[in-house]
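Please read this note with the sequence and the structure side by side.

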Amino acid sequence: WCWLNHLRLNTDKTKELVVDFRRGTPLSPASINGVDLQFTREFKYLGVYLDSKLDWSRNAEALYKKGQSRLYILRRHSSFNVCSKMLQMFYQSMVASAILY
C-alpha cells in the first residue's frame, strides 16, 4: 500500500508493539522491505504510554509525577503571597491541563 501511494517508511524510527493475550505463541517479527522492526514492550505515543498488556499503571505513574511536580511549584508560589487569582490561573493552565489531558 505504501509503495503504491508513494510513501516511504523510516524503518529506523518504526517500532513494533504486539498486543496479544494468548500464552506461548511466538510471533515472527514484522518487517518492512526486508528490514526487521525493533520490538518493544512499551511505547510513548502523544504523551500516552502504551504497553503490550494494555496496562495503564505506567501512564498513571507519569501523570501522578507530573501533577506532583506542578503542585509543588504552586505551593511555592503560594508561600510568596501571590494573589489567589494568579494561583488559580496557574492551577488551570499548568496543573489541571496536565492532569486532565
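This is a predicted model: local features need pLDDT of at least 70, side-chain atom pairs count only at pLDDT 80 or more; totals for chains, interfaces and linings use all residues.

Which side chains meet in a salt bridge?

1. The salt bridge. The side chains of R58 and E42 form it, with a distance of 3.3 Å from N to O. The count for the model comes to 1 salt bridge.

2. R58 belongs to helix α1, while E42 belongs to strand β5 (residues 42–45), so the pair ties together parts that are 16 residues apart in sequence. When you look at the picture, find the helix and the strand, and then the pair between them.

3. Exposure of the pair. R58 has a relative accessible area of 32% and is partly exposed. E42 is also partly exposed, at 34% relative accessibility.

4. N59 in the helix. N59 is located in helix α1, which covers residues 57–79. Is N59 buried or exposed? Its relative accessible area is 14%, so N59 is buried, because buried means under 20%.

5. Partners of N59. A polar atom of the N59 side chain lies 3.3 Å from the backbone nitrogen of Y49. Leaving aside residues up to four places away in sequence, N59 touches G47, V48 and Y49.

6. E16 in its strand. E16 sits in strand β1 (residues 15–16). With a relative accessible area of 14%, E16 is buried. The side chain of E16 reaches the backbone nitrogen of A30 at 3.3 Å.

7. Contacts of E16. Which residues does E16 touch, not counting those up to four places away in sequence? They are S28, P29 and A30, together with L37, Q38, F39 and T40. A30 is therefore on this list of contacts, where contact means heavy atoms within 4.5 Å.

8. The largest pocket. Its volume is about 310 Å³. The residues lining the largest pocket include E16, S28, P29 and F39; S28, P29 and F39 are also among the residues that E16 touches.

9. By class, the lining of the largest pocket has 5 nonpolar, 2 polar and 4 charged residues.

Conventions. Residues are numbered from 1 along each chain as its sequence is written. Side-chain values use heavy atoms; hydrogens and water are left out. Helices (H or I, at least four residues) and strands (E, at least two) are DSSP runs, numbered from the N terminus. Buried means under 20% relative accessible area, exposed over 50%, partly exposed in between (1.4 Å probe, protein chains only). A polar contact is a pair of N or O atoms within 3.5 Å; within protein, one must be able to donate a hydrogen and the other to accept it, and residues adjacent in sequence count only if both atoms are side-chain atoms. On a 1 Å grid over the protein atoms alone, a cavity is a set of points where a 1.4 Å probe fits but cannot get out, and a pocket is an open set with protein on both sides within 12 Å along at least five of seven lines; lining residues have an atom within 4 Å of a point. Grid points are joined across faces, edges and corners, and a volume is the space filled by probe spheres set on the points. Ala, Val, Leu, Ile, Met, Phe, Trp, Tyr, Cys and Pro count as nonpolar, Asp, Glu, Lys and Arg as charged, and the others, Gly among them, as polar. A salt bridge is a side-chain nitrogen of Lys or Arg within 4 Å of a carboxyl oxygen of Asp or Glu.
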